[in-house]
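Work through the exercises below with the sequence and the structure at hand. Each task is followed by a solution in steps.

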Amino acid sequence: MASNPHALISGGSSGIGLALAHRLAAKGYALTLLARDPARLSEARSALAKTGATVRVTPTDVRDEAAVGDAVAAAIAEHGAPDLLVASAGIVIPGVFKQLPAAAFHDTMTTNYDGTLNLVRAALPAMLARRAGRIVLVSSGAGLIGLYGYTAYAPTKFAVRGLAEALRGELKPEGIAVSIVYPPDTDTPQLREEVQIRPAITSKIAGGARVHSAEEVADAILKGVESGRFTIAPGWEMGLLNRLHSLLGPLLHRFSFDPVIAKMHGRDGGGTAPG
Ligand SMILES: NC(=O)c1ccc[n+]([C@@H]2O[C@H](COP(=O)([O-])OP(=O)(O)OC[C@H]3O[C@@H](n4cnc5c(N)ncnc54)[C@H](OP(=O)(O)O)[C@@H]3O)[C@@H](O)[C@H]2O)c1
């Protein structure tokens with residue numbers, strides 16, 4: 001069995017997960033990447049292998065509990081229990097509640113929440129046996145505050161946050177650390193696709209904040225992991241929202257978002273036009 005530390009990343013073929021994989025490869029981690037699309041996975045593996053990293057990729061749908069169990073067991077057999085387990089696989093389906101099909105809510109919850117749960121449940125027994133390692137769950141700013149256009153997405157990220165907070169207390173005495181990440185808008189394929197279809201009101205509300213690069217977010221995650229932080233909130237906006245969301249949320253809704261919604265609602269048929 002290899003002696004390098006092992007990082008197992010769901011959603012490691014793209015965006016934030018892939019940027020983090022590059023950072024961890026540079027630190028000498030052996031990597032396991034899970035995602036669905038085999039072509040994107042092998043592209044990621046080729047790029048990472050150029051840095052000399054050992055990379056295992058397994059096409060896996062995180063919604064499939066048995067498939068996640070098999071992929072994680074095989075990765076553990078090769079590289080040992082993960083020192084770092086990162087749940088970054090996720091999707092967003094923006095839209096106005098009354099217009100979203102039931103499948104949007106179901107697909108988003110099964111991917112973002114059940115997928116995270118499946119990964120943690122599959123890897124935890126081996127981590128517990130070693131009494132070591134850190135679990136990093138990727139939520140979102142939408143896990144701190146529910147925004148217009150995110151009725152399918154925000155609840156999944158609130159759920160991930162709840163899981164992280166409850167898990168932290170249970171796993172600390174067992175020697176396993178937990179971190180929760182609240183990325184801001186980050187320039188990844190997910191965001192690039194989302195801005196094409198999200199309601200104009202959502203874009204107006206979210207548009208004021210700076211879009212971070214995936215590398216910046218990965219750096220913040222690595223820094224948070226290395227300094228043993230539970231909460232990782234990249235950028236000052238997320239930092240502020242993380243600390244003050246109970247106070248800021250109602251004020252933002254009332255004085256910033258509601259006026260935008262009042263002004264724009266109806267102009268584009270309920271806010272469905274891209275913007
Ligand atoms: N970008 C942002 O602005 C932003 C902001 C806040 C939070 N986040 C969160 O950050 C995480 C990473 O997002 P990103 O922006 O880096 O997105 P991305 O570039 O689209 O990457 C998403 C990754 O998840 C994988 N994935 C999606 N569905 C999956 C499934 N059912 N099974 C296995 N893998 C699956 C994708 O691969 P396949 O499609 O091949 O499966 C891909 O590797 C997500 O949880 C997202 O919600 C992103």
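**Exercise 1.** How much space lies in the second largest pocket? State also which residues line the second largest pocket and how they divide by class.

Solution. This is a predicted model, in which local features need pLDDT of at least 70 and side-chain atom pairs count only at pLDDT 80 or more, while totals for chains, interfaces and linings use all residues. Residues are numbered from 1 along each chain as its sequence is written, and side-chain values use heavy atoms, with hydrogens and water left out.

Step 1. The volume is about 230 Å³. A pocket is an open set of points on a 1 Å grid over the protein atoms alone, where a 1.4 Å probe fits, with protein on both sides within 12 Å along at least five of seven lines; lining residues have an atom within 4 Å of a point. The volume is the space filled by probe spheres set on the points, which are joined across faces, edges and corners.

Step 2. The lining consists of A220, K223, G224, S227, R229, T231, I232, A233, P234, G239, N242 and R243. Two or more of the lining residues come from each of α8 (214–226), β9 (231–232) and α9 (235–264). Helices (H or I, at least four residues) and strands (E, at least two) are DSSP runs, numbered from the N terminus.

Step 3. Four lining residues are nonpolar, five polar and three charged. Ala, Val, Leu, Ile, Met, Phe, Trp, Tyr, Cys and Pro count as nonpolar, Asp, Glu, Lys and Arg as charged, and the others, Gly among them, as polar.

**Exercise 2.** Describe the shell around the ligand and the ligand's polar contacts.

Solution. Step 1. There are 31 residues around the ligand (a heavy atom within 4 Å), and S13, S14, R36, T186 and T188 come nearest. The shell has 11 nonpolar, 13 polar and seven charged residues. Its largest share, three residues, comes from α6.

Step 1. One is 2.8 Å from a side-chain N or O atom of Y153, and one is 3.3 Å from a side-chain N or O atom of Q190. The protein covers 95% of the 870 Å² of accessible area that the ligand has on its own, by the Shrake-Rupley method with a 1.4 Å probe.

**Exercise 3.** Is Q196 buried or exposed?

Solution. Step 1. Q196 lies in helix α6.

Step 1. Q196 counts as exposed because its relative accessibility is 53%, where buried means under 20%, exposed over 50% and partly exposed in between (1.4 Å probe, protein chains only).

Technical notes
A polar contact is a pair of N or O atoms within 3.5 Å; within protein, one must be able to donate a hydrogen and the other to accept it, and residues adjacent in sequence count only if both atoms are side-chain atoms.
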